[in-house]
Amino acid sequence: MHLNDFLLGAFVYLAAAVLSVPLAARLGLGSVLGYLIAGILIGPSVLGLVGAEGADVMHFAEFGVIVMLFIIGLELEPSKLWELRRSIFGMGLAQVFVTSLVLSLIAMALGWSWQASVTAAIALSMSSTALVLQSLRETGLLRTSAGRSAFSVLLFQDIAIIPVFAFLPLIAASSAADENLSPLAALPGWAHALAVLAAVSFIMAAGRLLMRPALRLIAETRLRELFTATALLIVVAITLLMGLVGLSPALGAFLGGVILAESEYRHELEMDLDPFKGLLLAVFFISVGASIDFALVARSPLTVISLVIGFMAV
């Protein structure tokens, strides 16, 4: 990609973000819906200002979701997380299991194979952490009991990714199941579990024994940009480690944030990372809007609308 093409793409995305959010706020729609509408307008289906590169941009912008989970972890001390254990493993488990069960039965009643039904149902039982948390933060609901319950369900969904990735290849009907989901996917189950446990333990130990002294040394230099770079380095390192063992990077970033929640530098970390989070999330939502296939909707509008309404009802 030439530099001018890159700059033009950046201009389109940034202009869409700057123009859409104030308009959406005036209409009382919220920034998330504003970004999605902006993505639809600049996408291939309307103005065509962005095209096939939207998927690549979205993958890059997903880093904003990871940073957001890290910041939320910074705001949630370990003692508060322990208080949510019943909501996480009670309400979260119930939501994923019951939703998956009902959707599986409906899909099989429509003539799908049980393998396809279960796979689609599990996928549909998961929520978009980025969409939900951003909406909860904007409306001030995240600190309410309902917001904490919703966050508990989202957190369980991230945890559930681990057994789901182990389970889906067992029911897959094609050779596609043999594709490795992580570099360690070929290991025996017990070895993979040990690798996951070792990775989480390393993050917890590093947070207490390495990250805090390192942040103290960086702070003594009084170079703000170096502290910002260190904050980004921590998040990127956790993301890479989680990807290596097949865990959700967002879950790993959240755990890293929780571990550093009692650090004296938590507020500095939050302030330094917040601008990156906001900008990347904006690009992420715009990319989601631009990637919507309206040609598919136009070919089967009644089917799509019926499925959406039925899914929301379930």
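In this predicted model, helices H8 and H13 cross with a left-handed sense. The axes of helix H8, which spans residues 129–139, and of H13 come within 12 Å of each other and cross at roughly 125°, which means that H8 stands oblique to H13. From the side of H8 the contact is made by Ala-130, Leu-131, Gln-134 and Arg-137, and from the side of H13 by Lys-277, Leu-281, Phe-284 and Phe-285. Sorted by class, the contact of H8 with H13 consists of five nonpolar residues, one polar residue and two charged residues.

The largest nonpolar core holds 42 residues, and the members that touch the most other members are Met-68, Leu-133, Phe-151, Phe-254 and Phe-285. Helix H13, which covers residues 266–290, gives the most to this core, with seven residues. If neighbours within four places in sequence are set aside, Met-68 is in contact with Thr-129, Ala-130, Leu-133, Gln-134, Lys-277 and Leu-281. Another core lies apart from this one and comprises 29 residues, including Leu-215, Ile-218, Val-235 and Ile-259.

The C-alpha atoms of Gly-64 and Val-283 are 8.8 Å apart in space, although the two residues are separated by 219 residues in sequence. Gly-64 counts as buried because its relative accessibility is 0%, and the cut-off for that class is under 20%.

The contact of H6 with H7 divides into nine nonpolar and six polar residues, with no charged ones.

Two further residues illustrate opposite ends of the accessibility scale. Ser-20 has its place in helix H1, which runs over residues 3–26, and it is classed as buried because its relative accessible area is 12%. Beyond its neighbours within four places in sequence, Ser-20 is in contact with Gly-34, Tyr-35 and Ala-38. Arg-222, by contrast, is placed in the loop between helix H10 (189–220) and helix H11 (224–244), and it counts as exposed because its relative accessible area is 77%. The phi angle of Arg-222 is near 60°, a positive value in a residue other than glycine. Most residues other than glycine have a negative phi.

The protein as a whole can now be set around these details. Its secondary structure comes to 15 helices and zero strands, and of its 314 residues 39% count as buried. Among contacts between residues at least 6 apart in sequence, 78% join residues at least 24 apart.

Note on methods. Residues numbered from 1 in each chain as written. Predicted model: local features only at pLDDT ≥ 70, side-chain atom pairs only at ≥ 80, totals over all residues. Heavy atoms only, no water. Core = buried A, V, L, I, M, F, W, Y, C linked by side-chain atoms within 4.5 Å. Buried < 20%, exposed > 50% of the residue type's maximum accessible area, 1.4 Å probe, protein only. Helix = DSSP H or I, 4+ residues; strand = E, 2+ residues; numbered from the N terminus. Contact = heavy atoms within 4.5 Å. Axes fitted to C-alpha atoms, helices over the stretch in contact; angles between N-to-C directions. Parallel < 35°, antiparallel > 145°, perpendicular 65-115°, else oblique. Left-handed = near helix turned anticlockwise from the far one by under 90°. Nonpolar A, V, L, I, M, F, W, Y, C, P; charged D, E, K, R; others polar.
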